[in-house]
Amino acid sequence: MSWGTELWDQFDNLEKHTQWGIDILEKYIKFVKERTEIELSYAKQLRNLSKKYQPKKNSKDEEEYRYTACQAFLSTLNETNDYAGQHEVISETMTSQITVELARYVQELKQERKSYFHDGRKAQQHIETCWKQLESSKRRFERDCKEADRAQQYFEKMDADINVTKADVEKARQQAQIRHQMAKDSKADYSSILQKFNHEQHEYYHTHIPNIFQKIQEMEERRIVKIGKSLKKYAELDQEVIPIIGKCLDGIVKAADSIDQKNDSQLVIEAYKSGFEPPGDIEFEDYTQPMKRTVSDNSLSNSRGEGKPELKFGGKSKGKLWPFIKKNKGATPEDFSNLPPEQRRKRLQQKVDELNKEMQKEMDQRDAITKMKDVYLKNPQMGDPASLDHKLTEVNQNIEKLRVEAQKFEAWLAEVEGILPARGEQARRQSGMYDTQNPPAINSCAQDRESPDGSYTEEQSQESEVKVLATDFDDEFDDEEPLPAIGTCKALYTFEGQNEGTISVVEGETLYVIEEDKGDGWTRIRRSEDEEGYVPTSYVEVYLDKNAKGAKTYI
């Protein structure tokens with residue numbers, strides 16, 4: 001089964017068929033190209049979808065992903081992102097292994113096809129030329145034969161005519177001979193060209209055309225095989241990513257199985273637990289005794305005597321009243337005192353951790369600058385050590401600021417966690433003594449806190465609590481005498497004392513030292529009798545008086 005023998009006379013149809021085969025191949029390439037574009041677009045949409053629902057950093061959404069259900073959803077988003085990556089792989093591999101390869105093959109196929117049909121047309125033109133030569137020789141032979149017959153007939157006519165001279169007869173005889181010779185020559189030429197044409201025609205139909213058509217047939221069969229391999233590769237590329245896609249889906253199933261409803265419920269408790277006790281029973285107030293109400297309005301005897309502990313600062317009263325207190329909608333206090341105890345402890349701990357982390361970064365930076373400065377000191381050609389002093393000072397200032405902030409929040413955290421229970425117990429004892437000695441005052445406070453509709457407001461209760469605290473702390477500091485100076489100091493740098501308990505100093509200023517550094521990095525100094533506070537020890541140069549009480553000797 002060969003095109004050369006079976007289709008020897010179908011040159012034009014073979015040309016059309018092979019062109020159709022190339023068109024089919026280009027159509028398939030276009031199909032795969034559009035498939036890759038769809039895969040790429042689908043992958044992009046999946047990635048955008050996954051990114052859209054990813055938790056934003058430092059946002060409330062990030063906190064929600066502590067729950068196992070949200071973590072499973074996050075895993076689903078990540079697996080979806082990986083799933084999208086596999087579709088990108090399909091697009092890339094189909095482009096490189098099918099589209100690009102077939103496009104190159106099509107160009108080669110077109111060139112090969114062009115050369116084969118060029119050779120076929122060339123052979124076709126050659127046989128047509130031979131045919132034309134044969135026809136011309138044949139016509140010339142036919143013409144010469146007819147001319148020879150006419151010349152012979154004319155000679156015979158002249159020879160039979162008695163009136164014609166002998167010279168005319170001789171001339172006619174010679175002309176007839178010439179024509180016969182020409183016909184003989186034409187016959188020989190025609191015979192030769194005919195043999196040559198038959199040979200060329202035999203070569204054309206049995207050698208040249210079969211060889212060309214055989215090559216075209218092989219080319220076409222290679223094209224068909226190429227399409228088959230490409231179709232197989234098309235399926236294999238999908239099959240290669242199916243296991244990975246299966247792993248992505250298995251990851252989603254695994255994430256779904258990891259959801260723990262009990263754990264999520266416990267996280268809700270930890271997130272919203274206030275730490276307060278549930279409110280107790282509200283005591284009955286008898287308004288049928290006008291005299292008692294009058295006394296209650298003007299004294300402290302009844303309220304404390306009747307045992308209403310909810311008004312004591314630091315006791316259970318705040319826990320009992322907490323669900324009914326109006327929340328303050330203003331700015332959040334720095335110490336998070338607007339939060340319930342448990343939530344306040346968490347926020348304070350979080351703040352302390354953040355400050356310690358920032359402080360560690362600054363200390364690492366300081367160490368790096370110090371090492372660089374040492375390198376500059378040992379190798380002056382690498383840089384000027386003095387150029388790092390300003391940066392080192394700035395880093396030290398940042399560390400001191402962060403240390404002050406951390407100590408402040410640690411103090412609040414210690415208070416919340418009950419690390420300093422003595423002061424709270426003392427305040428409660430003093431409050432209890434005050435309740436016993438002056439019972440009518442609290443009833444007056446209770447009446448003041450009571451609004452016309454009988455509900456309590458937070459602002460007035462807080463005001464009464466602040467008054468109790470102020471009394472305790474005023475008594476604690478009223479009898480404190482000013483500390484004597486134990487030396488002097490000179491400010492090495494300017495320090496802006498923005499926090500409570502600190503004092504601002506200017507570089508080069510001389511002040512009195514009233515309390516040396518106790519290991520916390522702070523020194524207490526005084527500028528005048530009414531102006532004193534703490535400054536970072538690294539910001540001042542201390543000169544202690546050896547004769548002063550409590551002064552240490554430095555070598």
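Visitor: What makes the place of Ser 137 part of a helix?

Guide: Ser 137 lies in helix 4, residues 68-160; helices are DSSP runs of H or I with at least four residues, numbered from the N terminus. The model is predicted, so local features need pLDDT of at least 70 and side-chain atom pairs 80 or more, while totals for chains, interfaces and linings use all residues. Residues are numbered from 1 along each chain as its sequence is written, and side-chain values use heavy atoms, without hydrogens and water.

Visitor: Why does Ser 137 count as buried?

Guide: Buried means under 20% relative accessible area, with a 1.4 Å probe and protein chains only. Ser 137 has 1% relative accessibility, so it counts as buried.

Visitor: Which residues is Ser 137 in contact with, leaving aside neighbours within four places in sequence?

Guide: They are Ser 186, Asp 189, Tyr 190 and Ile 193; contact means heavy atoms within 4.5 Å.

Visitor: Why are helix 2 and helix 5 called roughly parallel?

Guide: Angles under 35 degrees count as roughly parallel, on a range from 0 to 180 degrees between N-to-C directions. The axes, lines fitted to C-alpha atoms over the stretch in contact, cross at roughly 15 degrees and come within 11 Å. Helix 2 and helix 5 are therefore roughly parallel.

Visitor: What classes of residue make up the contact of helix 2 with helix 5?

Guide: That contact has 15 nonpolar, four polar and four charged residues. Ala, Val, Leu, Ile, Met, Phe, Trp, Tyr, Cys and Pro count as nonpolar, Asp, Glu, Lys and Arg as charged, and the others, Gly among them, as polar.

Methods:
Helices (H or I, at least four residues) and strands (E, at least two) are DSSP runs, numbered from the N terminus. Buried means under 20% relative accessible area, exposed over 50%, partly exposed in between (1.4 Å probe, protein chains only). Angles under 35 degrees count as roughly parallel, over 145 as roughly antiparallel, 65 to 115 as roughly perpendicular and the rest as oblique.
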